[in-house]
Amino acid sequence: YKNLQNQPKSTETTSTGSCGELLNYSINNEKLIFQGSGPMTNYNSNSLPPWSSLSSTIKTIEFPENITRIGSYAFYNCISLTNIIIPNNVNSIGTYAFYHCTSLQKFTMPPKVTVISQYLFHGCKVLSSIEIHDEVDSIGSYAFYNCTSLRSFIIPTKVTSISSYLFGGCKSLTSIKIHDEVDFIGDYAFYFCELLQNFIIPPK
């Protein structure tokens, strides 16, 4: 008779495959591991990533240094993901990439990424810290919609348009800094930002 209760758990690779011309993935227990280089495939609502059936179990993600693109819908609905570090060689992050990552707490934008895509952090309810560099020049609509833990935000100096529904539902947002070169604020950009104080309309 063996006491199996105290035996160490073996690691188990539950899914493997390709996700780019030179990029592969594997899932080992709760870790999604990418290997290779270059851009990740862009996915969509009709063709989700091959790991999507296990998205709710993924807690950590490991990237190779030379990955250059995070595909659209890459981590859609990864509700257990709490933290992610994107390599500096990434120059593009597709739409919906972190949609409904409801446990994601903080994010730092890689230095080569200049566009924050539509719906990028939509529904990331505990995301409270976002570090964005000054080279970002575009932020798509709904990018921070329903980020209900976001408390403050500074519009990067190269961004001149605040898209529709950008901060809609950000009910904890109390402070936003908008520079004078912003010349457009879209419909419902601050919808239901009920704690927002001292808002100043830019002169343009």
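**Close-up views of a predicted model**

Tyr73 is buried, and so is Tyr96, where buried means under 20% relative accessible area, exposed over 50% and partly exposed in between, with a 1.4 Å probe and protein chains only. The model is predicted, and local features need pLDDT of at least 70, side-chain atom pairs count only at pLDDT 80 or more, and totals for chains, interfaces and linings use all residues. Residues are numbered from 1 along each chain as its sequence is written, and side-chain values use heavy atoms, with hydrogens and water left out.

**View 1. The aromatic pair of Tyr73 and Tyr96.** The structure holds 28 aromatic pairs, for which rings of Phe, Tyr and Trp (its six-membered ring) must have their centres within 6.5 Å, planes under 30 degrees apart counting as stacked, over 60 as edge-to-face and the rest as tilted. Among them is the stacked pair of Tyr73 and Tyr96, with 4.6 Å from centre to centre and 15 degrees between the planes. This pair links distant parts of the chain, since Tyr73 is in the loop between E6 and E7 and Tyr96 is in the loop between E7 and strand E8 (106-108), 23 residues apart. Strands here are DSSP runs (E, at least two residues), numbered from the N terminus.

View 2. Strand E4 (residues 38-39) pairs with strand E6 (residues 67-70) in the parallel sense over 2 bridges, two strands being counted as paired if DSSP finds at least two bridges between them. Within this pairing, Pro39 stands opposite Arg69 in E6. On E7 (residues 92-93), which also pairs with E6 in the parallel sense over 2 bridges, Ser92 stands opposite Arg69, while Ile93 is the bridge partner of Ile70.

View 3. With a disulfide defined as a pair of cysteine sulfur atoms within 2.5 Å, the count comes to 0 disulfides. Cys19 is in no disulfide, and the nearest cysteine sulfur, that of Cys78, is 13 Å away. Cys193 is likewise in no disulfide, with the nearest cysteine sulfur, that of Cys170, at 5.3 Å. Cys19 counts as buried because its relative accessibility is 1%, and Cys193 counts as buried at 10% relative accessibility.

**View 4. The nonpolar surface patch of Tyr188, Tyr191 and Phe192.** These three residues make a nonpolar surface patch of about 350 Å². Patches are made of residues with over 30% relative accessible area and no salt bridge, like charges being joined within 9 Å and nonpolar side chains (Val, Leu, Ile, Met, Phe, Trp, Tyr) within 5 Å; a salt bridge is a side-chain nitrogen of Lys or Arg within 4 Å of a carboxyl oxygen of Asp or Glu. Tyr191 lies in the segment after strand E15 (184-185), and at 42% relative accessibility Tyr191 counts as partly exposed.

View 5. Tyr142, which is not a glycine, has a positive phi of about 65 degrees and lies in the loop between strand E11 (138-139) and strand E12 (152-154). Asn146, also not a glycine, has a positive phi of about 60 degrees and lies in the loop between E11 and E12. At 26% relative accessibility, Asn146 counts as partly exposed.

Key. Helix = DSSP H or I, 4+ residues; strand = E, 2+ residues; numbered from the N terminus. Areas by Shrake-Rupley, 256 points an atom, 1.4 Å probe, with all protein chains shown as cover.
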